[in-house]
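The structure comes first, followed by the notes on it.

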Amino acid sequence: MRGAALLWLAMLPAWGAVELAAPRAVWPVAVPPSEPESVRLAAQDLRGDIERITGRAPALTSDAACRDCVVVLSAARSGELLERLAPGTHARLRGRWEAYSVREAPNGLLIAGSDERGAIFGVYAFAERYLGVDPMHFWSGRAPQRRSSLRWDKVAIDAGEPSFRYRGWFVNDEDLLTEWRGGGGRRFIDYPYYHQVVHPEVMDRVLEAALRLQFNLIIPASFNDVTNPPEERLVALASRRGLDVSMHHVEP
């Protein structure tokens, strides 16, 4: 299988340099309408990364037929379009679990996943390896290096299926998050602590970091009563981002 993969990579055409940003221009980021919201949210994060580096925010479009742009899509949702943009890529990715490929394409840069999370992980892998964005940037305070241009002679990232199918976090004893920023809502529980729910904007930063680190599963709180709207919102945020949600020993 490894030899076949190397042969496939050797047969890929070289489309030329990727100049994502120049001093006076920046490529738009395109996500076709067939992709779910989670992929668009990852593309928005990429847009924010590019803006932090160059000072210019790319346009976010649904026109995947654009020229000189970054296209983000999955084989599961946009297979025909993927085959038109990069013949052979759909067949390689189709049916796989969270695999992805990031490469030059005739119309610019193509970030293709086998499924929705494959596309999401491809976005964040490109941001880390080529843009220099720390996956924990919000929590570490490490900003990417400012640059006026973003250009590479070659872009190549290919990731097969992960060794561990599920990889996740349990956000446990989250009082450092709830007390850091209030307003997340009230939790009604017969317990001396944890009466406040994590603010949704704080939770979204946790979810973003998890995805940037290639996690796909989360327990969003120590206690999570989905009949209480502020707590149910944590589950909805995780699902919106494309993460699977589990529970811990207290909830059953």
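## Helix 5

Helix 5 covers residues 116-129, and at 1.5 Å a residue its 14 residues should span 20 Å; the end C-alpha atoms lie 20 Å apart, which agrees. The model is a predicted one.

The buried residues are R117, G118, A119, I120, F121, G122, V123, Y124, A125, F126 and A127.

## The disulfide

One disulfide turns up when the whole structure is searched. The bond runs between C66 and C69, with an S to S distance of 2.0 Å. Its torsion about the S-S bond is 85°, and the link of C66 and C69 is right-handed.

Both cysteines fall under the 20% cut-off for buried residues. C66 has a relative accessible area of 12%, while the value for C69 is 0%.

## Positive phi angles

Most residues other than glycine have a negative phi. D68 is not a glycine, yet its phi is positive, at about 50°. D68 sits in the loop between strand 4 (60-61) and strand 5 (69-74). With 45% relative accessibility, D68 counts as partly exposed.

E98 is likewise a non-glycine residue with a positive phi, here about 60°. The loop that holds E98 lies between helix 4 (89-93) and strand 6 (100-105). E98 is buried, at 2% relative accessible area, whereas D68 is partly exposed.

Note on methods. Residues numbered from 1 in each chain as written. Predicted model: local features only at pLDDT ≥ 70, side-chain atom pairs only at ≥ 80, totals over all residues. Heavy atoms only, no water. Helix = DSSP H or I, 4+ residues; strand = E, 2+ residues; numbered from the N terminus. Expected span 1.5 Å × (residues − 1). Buried < 20%, exposed > 50% of the residue type's maximum accessible area, 1.4 Å probe, protein only. Disulfide = S-S within 2.5 Å.
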